[in-house]
Amino acid sequence: MARILVIDDHDTLREGMTVTLTRSGHTVSAVKSGADGLAAYKKGPFDLVVTDLKMDGMDGIAVTRALKQADPGAVVMVVTAFGTIETAVQAMQEGAYDFITKPFPPEVLRAKVDKGLELSATRRQVERLTARTDAHDADAALTHRDIVGDSEPMQKLLTQVRKVAASDATVLVRGESGTGKELVARMIHQRSPRKDGPFVVVHCAALAETLLESELFGHERGAFTGAVKRKLGRFELADGGTLFLDEIGEIPASVQTKLLRVLQEKELQRVGGEETLKVDVRVVSATHRDLQAEVKAGRFREDLYYRLHIVPLTLPPLRERPEDLPALARHFVAKHAPRVNRRVTGIDDATLHALTRHAWPGNVRELENVMEQALVFAEGETLTPQDLPSHLAGQTPRMDAGLPVPQGDRPLPDILEDLERQLIARAYEKAGGVKTETARLLGIKTSALYYKLEKYGFLPRGERPEEG
């Protein structure tokens, strides 16, 4: 589970801690002096250090100080006798996260160590998310915002992204809904020579045919009813940068033809216009559909497919990289806790186990929604299975009884709607039916809450928002 370094010059105590922590599933290295401990730490890495306070030669305070100087992210716990608690406090001032007073039972040691490992995991995750690649570590593993993963499929993908970003080739990102295709597109842009240019997004599936054409290519005043002034299209707005076309498989045939011309000729005409405009845009597109099948079915132009498919990238679904789930879950806690529930700093093992049993048909997006929901209802510093939605934790539903459990063959919008209904139901119950408090728990406006309460049948239609 974790690598722990134990430093203690008392043979019996050192061996006792080693046995206890090893039985808990950790890998333990034990040494009998502070100097040996520093030497072992340099060879590391270690997730946690447990050091005795009173030792011949270099004591625990000196060890803690030296470790924190060498590695500010080091997580250190000191072991002290009852009469030296003031000295233990001094060690904490040097950077130790906690201390334990001997003699202590094994369960107290395990609890203190678990707390330290949660802190270590959070710190390391923050370090990864805030790291900035420079010339020295240009070949290091790539991390960008919510792109988290040390699994082989993700590391292979991120290596491909690094290579692709340096070129100006058109990229097609494939993957199921919720896998993070837009994040990959942003990463390509921010690592490309166009990084100082605009990054413009078009959600193709959300726009009707006439609106999509106008959004992409712009229109002139009077081009159609409602076109009261000239509008620049997304291609023009992305000039010198990157245009991300999300769900490219949803665009209609008429728009496909015009899009192909822009990709081939690097020029366009606004709707209702005659002027030909040159554009310098790199296109990154994404889809959850099988575009080859769409081509065979006659719904997608073959020549456009090959123009978009110059460099294909495939995002693996979450179920194919389960080893990334704990890091992702901790990342979303760190991301949302400051806004939703500042008390929460970690996730216990039982909760992580419950998360790994789920199929995650909605992929990373579904996981993020679940973690944010769990933060709303968490009472302690650590997320427990009771904080999870009932279909994950095995709880008996209350106000939301009768909701169908998400299944792998259900559409993502249906799954997310179920999750939203459960979240609102639990918040409404926790707030005792007080709608302003429910809205506060959910972090939404009261007017939006009324709409959702009415939508899900928790409120008679037509009831007006309460004043105040």
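# Questions on one structure

Me: At which residue does UniProt place the feature "modified residue: 4-aspartylphosphate" (unreviewed entry)?
Reply: UniProt positions are given in the numbering used here, feature names are shortened, and annotations may be inferred rather than shown by experiment. Residues are numbered from 1 along each chain as its sequence is written, and side-chain values use heavy atoms, leaving out hydrogens and water. The model is predicted: local features need pLDDT of at least 70, and side-chain atom pairs count only at pLDDT 80 or more, while totals for chains, interfaces and linings use all residues. The UniProt record, an unreviewed entry, puts "modified residue: 4-aspartylphosphate" at Asp52.

Me: Is Asp52 buried or exposed?
Reply: Asp52 sits in strand E3, residues 48-52 (helices, H or I with at least four residues, and strands, E with at least two, are DSSP runs numbered from the N terminus). Buried means under 20% relative accessible area, exposed over 50%, and partly exposed in between, with a 1.4 Å probe and protein chains only. The relative accessible area of Asp52 is 3%, so Asp52 is buried.

Me: Which residues does Asp52 contact, leaving aside neighbours within four places in sequence?
Reply: Contact means heavy atoms within 4.5 Å. With those neighbours left aside, the residues in contact with Asp52 are Ile7, Asp8, Asp9, Gly60, Val79 and Lys102.

Me: How does Asp9 count by relative accessibility?
Reply: Asp9 is in the loop between strand E1 (3-7) and helix H1 (11-23). Not counting residues up to four places away in sequence, Asp9 touches Arg14, Lys32, Asp52, Lys54, Met55 and Asp56. Because its relative accessibility is 31%, Asp9 counts as partly exposed.

Me: How many residues lining the second largest cavity are charged?
Reply: A cavity is a set of points, on a 1 Å grid over the protein atoms alone, where a 1.4 Å probe fits but cannot get out, and lining residues have an atom within 4 Å of a point. The second largest cavity is lined by Phe235, Val262, Leu263, Lys266, Val279, Val281 and Val283. Ala, Val, Leu, Ile, Met, Phe, Trp, Tyr, Cys and Pro count as nonpolar, Asp, Glu, Lys and Arg as charged, and the others, Gly among them, as polar. The lining has six nonpolar residues and no polar ones, and the number of charged residues is one.

Me: Is Leu441 buried or exposed?
Reply: Leu441 lies in helix H18, residues 435-442. Leaving out residues up to four places away in sequence, Leu441 touches Val376, Ala427, Lys430 and Ala431. With a relative accessibility of 16%, Leu441 counts as buried.

Notes. On a 1 Å grid over the protein atoms alone, a cavity is a set of points where a 1.4 Å probe fits but cannot get out, and a pocket is an open set with protein on both sides within 12 Å along at least five of seven lines; lining residues have an atom within 4 Å of a point.
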